[in-house]
Amino acid sequence: MMQVKKGMNLNDIKENNRLSILRLLATHKMMSRAELARHTGLTKMTLSNLIQEMIAENLVAESQQLSDDYQTGRKPVLLMISPESFCICGVLIRRDRLTLVTGDLAGNIIDKQCVDYPQELNNESLAALISEHYLNLIKRTSRPIIGIGVSSIGPLDEIRGLLLHPPEFGDVSNFDAVGILKGLTHSPVFLINDANAAALAEKLYGTGKNIENYLYIHLMNGIGAGLVLNGKMHTGNIGQSGEIGHTSINFEGPLCACGSRGCLDYYTNIHNLRKRITALRELNLSSQLLQQTMPSLTDIIDAAHRQDPLAVCVLDEFCRFLTWSLTNALALIDSDFIIVGYEHNVPGDFIEETLIRNISRSPGFNENRQVKIVHSVFGSSAPLVGAIAIVSENIFNGNIKL
Ligand SMILES: [Zn+2]
């Protein structure tokens, strides 16, 4: 239940109560009126009136499913976000492809479209691709689009809505992702870094729901991170927080592409992992990794899952480097909780288990602390769900009027 702030009038209070109900239904999927009353602190009468109004507006619906949460008598009806309410458009700009979805306030994906980039990728061709597929996607739904969330590889300037100069991403530079979509719609458009988006998806709809402080790390061919502090997404001044890849773990180390020395990214990016595979080849000359000219992080994790000694050794080293950065980050934010997400779905928990072991044994790590490191519940889709989540979050905060 929201605290009543000084200067609020009755309409503001009512709107806050409606948003609290929507947030609860969206993040818990279904709730009975009694559960909603318990969570919001509203009287049965007030709650019932608000629900009736929201059902009439197609925001909330009664589910066919009945609640098991009852003492005696008739099972209470469960409420949910209406399947006829507005929808949200999510756009994910990854290095290898573009994905557009429509989804709902509860983070469910309704429709999805994946597109490959053209050979010549630049600002013009990317703008044309986004416009074409956004217009295709919205043609397929009769529900109004309330907002668009763009989750993207960085670096970004979230305030100005720009992709600055993502490495290894054609000639795309200072790309106005927000401006292009704003030209096609009257709905608000938000830009968020992919790792931050994934951390927010976990906060609203996933494992992070009841965790106040945690770090989300996104393992791709490099490493990104998103931070949730005091129950809120921490994006920083222009959305560049969580750049864990370019924090140094060896200040006398080799020069990184960013100009600094001994960055985590230098040791853990895919180019270095491939070099290590070649250097350590004697460990398993029949390793499938040696048959591939450009194994990806997913290929290495797959091989480690099959107990390939070469992959296990390369990933052990990878986790050792990562441990230094994560131990520092956990100390900085005073948390013991990390969620790990991947660019592609990977089997098992090799990385999570290795990191727990390493961090727990780190010098200076208090033995009474219990570090928890878990695989993202959304698999490789966390940044995509995050594109929906950034719009939902702005609705719950009252920044988008319903
Ligand atoms: Zn660097």
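**View 1. Ala37 in helix α2.** Helices here are DSSP runs of H or I with at least four residues, numbered from the N terminus. By that rule, Ala37 belongs to helix α2, which covers residues 33-40. Keep in mind for this view and the ones below that the model is predicted. Is Ala37 buried or exposed? Its relative accessibility comes out at 16%, and buried means under 20%, so Ala37 counts as buried. If you skip the neighbours within four places in sequence, Ala37 is in contact with Leu42 and Leu47.

**View 2. The open sheet.** Here we've got five strands in an open sheet with mixed pairing, and the order reads β6-β5-β4-β7-β11. Strands β6 (109-116) and β11 (189-193) are the edges: each has a single partner strand, so one side of each is left without a neighbour in the sheet. Going from one strand to the next, the twist averages 15°.

**View 3. Strands β4 and β5.** Zooming in on one pair, β4 (residues 87-93) and β5 (residues 97-103) run antiparallel and are joined by six bridges. Which residue of β5 is the bridge partner of Val91? That's Leu100.

**View 4. Helices on the sheet.** Helix α4 (residues 123-139) lies across β4, β5, β6 and β7 (145-152), and its direction is at about 25° to β5. Helix α6 (residues 194-205) also packs on the sheet, where it touches β7 and β11. Relative to β11, the direction of α6 makes an angle of about 100°.

**View 5. Helix α9 against helix α10.** Helix α9 (residues 297-305) packs with helix α10 (residues 309-333) at an angle of about 120°, and their axes are 8 Å apart. The crossing is left-handed. On the α9 side, look for Leu297, Ile300, Ile301, Ala303 and Ala304; they meet Ala311, Val312, Val314, Leu315 and Phe318 of α10. Sort that contact by class and you get 10 nonpolar residues, with no polar and no charged ones.

**View 6. Domains 2 and 3.** Zoom out a bit, and the protein is divided into domain 1 (10-81), domain 2 (87-200 + 383-396) and domain 3 (208-376). How far apart do the C-alpha centres of domain 2 and domain 3 lie? They're 26 Å apart. The contact between these two draws on 17 residues from domain 2 and 20 residues from domain 3.

Definitions and conventions
Residues are numbered from 1 along each chain as its sequence is written. This is a predicted model: local features need pLDDT of at least 70, side-chain atom pairs count only at pLDDT 80 or more; totals for chains, interfaces and linings use all residues. Side-chain values use heavy atoms; hydrogens and water are left out. Two strands pair if DSSP finds at least two bridges between them. Helices (H or I, at least four residues) and strands (E, at least two) are DSSP runs, numbered from the N terminus. Axes are lines fitted to C-alpha atoms, for helices over the stretch in contact, and angles run from 0 to 180 degrees between N-to-C directions. Contact means heavy atoms within 4.5 Å. Buried means under 20% relative accessible area, exposed over 50%, partly exposed in between (1.4 Å probe, protein chains only). A crossing is left-handed if the near helix is turned anticlockwise from the far one by less than a right angle, and right-handed if clockwise. Ala, Val, Leu, Ile, Met, Phe, Trp, Tyr, Cys and Pro count as nonpolar, Asp, Glu, Lys and Arg as charged, and the others, Gly among them, as polar. Domain bounds come from an automatic or database domain assignment.
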